[in-house]
Amino acid sequence: PVPYACMDRAPQVPFPSPESWLPDQRPPTGTRAALHRLATAMRRNIHLLTETEADEAELIAAAEALERLNAQLAQRPRPHRLWGFAETSNAGDPHAFFDYSPVVGQANPLAPPLQLRLEDGVVRGSGTFGNAYEGPPGHVHGGFIAAAFDEVLGLAQSTTGRPGMTGTLTVRYRHPTPLNRELRFEGRVERVEGRKIFTRGTLHAGDVLCAEAEAVFVSVDFERMVRLAAGQEPHRDA
């Protein structure tokens with residue numbers, strides 16, 4: 001198994017300034033470690049906020065403390081990411097860094113986060129969705145399940161070495177997915193037809209199959225994606 005906290009291969013697709021996208025492969029230190037720590041604390045704060053019985057004065061005091069922190073952080077804006085990709089499917093390489101992903105990113109407090117690894121060509125993931133992700137009472141919102149599948153299957157299609165974007169994603173919800181319980185995802189590539197990469201995945205809670213998904217990703221020119229993001233080329237059908 002290869003844990004995604006310590007990947008050591010550069011992407012196989014071209015992109016500008018590689019040194020700004022990939023930190024070294026040692027355990028996080030310095031700014032990156034601090035980002036992980038802050039995101040973990042914020043993630044815990046989000047979870048606690050969904051179940052607190054604090055009174056009005058306590059909530060106001062907490063809000064004021066966060067407002068002061070926000071004002072402090074706003075003094076140091078950054079025009080671009082320090083490293084990595086925010087979505088696994090765009091990297092074209094399962095060994096890139098995804099610290100800012102809203103699903104797996106250790107530096108993104110919105111992420112549960114899921115832990116993904118690659119075993120014999122199969123992406124396996126595990127993680128727990130807390131109360132902030134609730135849809136039906138006591139269970140995970142279906143939209144977050146779809147987002148998780150998009151990330152898991154996106155990483156699976158990255159094993160082809162192509163940066164791709166989601167063309168279609170179909171999720172079949174088989175059983176309500178419980179909150180606050182470890183879940184297991186699996187994703188794999190079924191076949192490649194030209195620019196289309198076909199993938200399939202499953203989600204289990206224990207022995208219970210909660211959902212299945214199929215997705216088709218369309219490989220794209222990474223350099224064109226950079227130009228689009230910079231407004232240097234008009235958007236048109238991929």
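Tutor: Accessible areas come from the Shrake-Rupley method with a 1.4 Å probe. In this predicted model, the protein exposes about 13,300 Å², and carbon and sulfur atoms supply 54% of that area.

Student: What pattern does the protein follow when read along the sequence?

Tutor: The pattern is β-α-α-α-β-β-α-β-β-β-β-α, with five helices and seven strands. Of the 238 residues, 39% are buried.

Student: Which residues make the nonpolar surface patch of about 230 Å²?

Tutor: A residue joins a patch only with over 30% relative accessible area and no salt bridge. Here the patch is made by Leu 38, Met 42 and Leu 73. Leu 38 belongs to helix H2, residues 30–49, and is partly exposed at a relative accessible area of 32%.

Student: Now to the charged pairs. How many salt bridges does a search of the whole structure find?

Tutor: The search finds 10. Such a bridge needs a side-chain nitrogen of Lys or Arg within 4 Å of a carboxyl oxygen of Asp or Glu. Arg 124 and Glu 186 meet this way at 2.4 Å, N to O. Arg 124 lies in strand S3 (residues 122–127) and Glu 186 in strand S5 (residues 183–193), so the pair ties together parts that are 62 residues apart in sequence.

Student: Is Glu 119 buried or exposed?

Tutor: Buried means under 20% relative accessible area, and Glu 119 has 19%, so Glu 119 counts as buried. Its salt-bridge partner is Arg 117, at 2.9 Å, N to O; Arg 117 is partly exposed at 29%.

Student: And the other bridges?

Tutor: Arg 191 pairs with Glu 193, their closest N and O atoms being 2.8 Å apart. Through shared partners, salt bridges join Arg 117, Glu 119, Arg 124, Glu 186 and Arg 188 into one network.

Notes
Residues are numbered from 1 along each chain as its sequence is written. This is a predicted model: local features need pLDDT of at least 70, side-chain atom pairs count only at pLDDT 80 or more; totals for chains, interfaces and linings use all residues. Side-chain values use heavy atoms; hydrogens and water are left out. Patches are made of residues with over 30% relative accessible area and no salt bridge: like charges are joined within 9 Å, nonpolar side chains (Val, Leu, Ile, Met, Phe, Trp, Tyr) within 5 Å. Helices (H or I, at least four residues) and strands (E, at least two) are DSSP runs, numbered from the N terminus. Buried means under 20% relative accessible area, exposed over 50%, partly exposed in between (1.4 Å probe, protein chains only).
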